[in-house]
Amino acid sequence: TINFQDVGSANLKSIAYTISSNSRVLTNWITPSTNVSGYSEPWGITWNAWAEGSNQLSVSLNDWAGNTTSQIIATIQKDTIAPLIANKLSTSYYSTRWIKATEDWMSSIPITMDDQQSYLKNISYKVSYNNQIQYEVNLTQNAALREYATPLTISFSALTNGVNEVYLSLNDHAGWSTYQKIYWIKKDNIVPTIDSFANSTDAKYLQWYRILPSFLVNSVDIDFGDSAWSQLKDVGYRVYNAGIPHEFLIDQSTRTAYTQDWGIPWQNLYQGTNNIEVFARDNALNESSLMVFTVLKDTAPPENVQNIPLDQFSPWYRVSPSWLSTVDIDFVDTDGAGIRDLSYVISGNTLRHTGWISQNVNNRNYDKKWSLSWNDFEEGSNAVFTSRNDMILNSGYEQVFILKKDITPPTVSNFETPTQSKFAAWYNAPPSWLSSINVQFSDTGYSGLN
């Protein structure tokens with residue numbers, strides 16, 4: 001109650017009030033006309049007349065003598081707006097993603113809170129799992145902040161595997177409160193499981209193959225699972241050959257388990273030793289991997305390594321060249337099962353001769369010198385081939401060189417008669433027959449006259 005009094009003799013004439021705020025000035029009559037020495041009638045101001053924020057209430061009195069009195073009565077703070085939250089974190093960080101470890105954005109989450117009237121008092125965030133509050137962190141207590149923009153930090157290690165919901169709780173000095181879920185974190189740091197029923201010491205994993213073995217035809221019994229949280233994203237295997245991994249997928253569907261038998265296509269394996277590692281990834285990208293067995297693939301025969309200079313094959317030979325008794329052609333079965341047998345074939349114009357270089361080599365390399373018999377070559381061009389078998393009967397056959405043999409000397413055919421008188425006469429000038437001597441030369445062998 002506020003009473004008004006005119007202690008003079010003229011009596012009160014009018015009384016008004018004024019509400020002043022940052023946004024406006026509002027004046028209204030308490031009584032526009034009166035003629036009393038004191039005014040004690042109840043009067044009031046509607047709630048809507050007050051502006052948001054700080055309002056200064058003053059009254060103004062006039063008497064009939066023209067005297068005026070103005071006085072500030074009170075300051076009224078009005079706040080009808082709850083604190084506001086502006087979440088500036090992109091949903092791409094958390095909306096559909098499962099997360100296996102702390103990420104950079106968790107240490108600086110851009111969220112702004114403000115209250116422009118009575119100001120922020122208490123701020124906290126709460127982490128809820130399965131509708132149960134797991135923990136609460138107080139950010140401010142009994143503060144008076146128009147804005148709070150300090151980035152939030154969430155401890156990933158404090159979160160529970162599963163869906164963690166983060167709520168902001170804030171109130172202001174007018175008693176308004178805001179409680180809002182700002183985001184959620186889907187945590188999964190549990191790796192998928194792998195159950196292998198393959199025994200890497202079985203004989204089938206220790207022998208060489210030149211065609212796809214039956215145990216790789218949709219018969220690999222290795223299961224994968226992820227029933228905890230994010231579930232399987234993909235499962236597959238890696239083929240390690242010469243230390244280099246080659247990755248192949250078996251399945252790419254979200255599921256809790258993959259238990260059907262699967263296979264490895266022959267073309268996904270490489271010449272030599274293939275170490276097979278299986279892996280499983282979940283939707284949080286946790287990965288499990290396990291080396292399970294080895295596949296030994298060999299589809300290539302042993303190879304020749306030519307060490308004889310090529311110019312040794314150009315000449316014609318009338319006697320055995322020295323290198324024929326120490327033939328310097330090696331054999332290798334790189335990344336294969338190893339060399340079993342080596343032989344040669346000499347193919348001439350009419351004859352064909354075969355012989356062993358070595359048998360039961362049982363090694364990936366053969367670098368001993370070997371010999372060929374001069375007598376096994378016939379006159380003319382002789383092609384020499386090598387035949388190579390490895391331990392699982394991959395075979396190779398190819399020409400390695402040509403040896404040209406000619407042991408028949410050229411012939412001379414003399415159609416002149418040595419007793420002719422023209423060969424007994426003396427001459428002081430060239431005789432006419434000197435330009436037409438009837439002697440012929442020929443080579444019935446193969447190399448031709450030189």
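This is a predicted model: local features need pLDDT of at least 70, side-chain atom pairs count only at pLDDT 80 or more; totals for chains, interfaces and linings use all residues.

Modeller: Residues are numbered from 1 along each chain as its sequence is written, and side-chain values use heavy atoms, with hydrogens and water left out.

Biologist: How many helices and strands does the chain have, and what makes a run count as either?

Modeller: DSSP runs are numbered from the N terminus, with at least four residues of H or I for a helix and at least two of E for a strand. By that criterion the chain has zero helices and 32 strands.

Biologist: How does the radius of gyration of the chain stand against that of a compact globule?

Modeller: The radius is taken over C-alpha atoms, and the globule rule is 2.2 Å times the number of residues to the power 0.38. For 450 residues a compact globule would have a value near 22 Å, whereas the chain has 53 Å. Along the principal axes, the C-alpha atoms fill a box of roughly 190 × 75 × 25 Å.

Biologist: Why is Tyr344 called buried?

Modeller: Buried means under 20% relative accessible area, exposed means over 50%, and partly exposed lies in between (1.4 Å probe, protein chains only). Tyr344 has 8%, and is therefore buried. Buried residues make up 40% of the 450 residues in the chain.

Biologist: Where is Tyr344 found, and which residues does it contact beyond its neighbours within four places in sequence?

Modeller: Tyr344 is found in strand 26, residues 339-347. Contact means heavy atoms within 4.5 Å; leaving aside neighbours within four places in sequence, the partners of Tyr344 include His353, Trp356, Trp370, Leu372 and Phe385.

Biologist: What makes Glu147 partly exposed?

Modeller: Its relative accessibility is 49%, so Glu147 counts as partly exposed. Glu147 is found in strand 12, residues 147-148. Apart from neighbours within four places in sequence, Glu147 is in contact with Thr112, Met113, Asp114 and Leu120. The C-alpha atoms of Glu147 and Ser413, 266 residues apart along the chain, are separated by 124 Å.

Biologist: What makes a set of residues a nonpolar core, and which residues have the most contacts inside the largest one?

Modeller: A nonpolar core is a set of buried Ala, Val, Leu, Ile, Met, Phe, Trp, Tyr and Cys residues joined through side-chain atoms within 4.5 Å. The largest has 25 residues, and Trp105, Ile154, Leu168, Tyr183 and Ile185 have the most contacts inside it. Strand 9 (111-114), strand 10 (120-129), strand 13 (162-172) and strand 14 (177-187) each supply at least two residues of this core, with the largest share, four residues, coming from strand 10. Not counting residues up to four places away in sequence, Ile154 touches residues including Met106, Tyr125, Tyr183 and Ile185.
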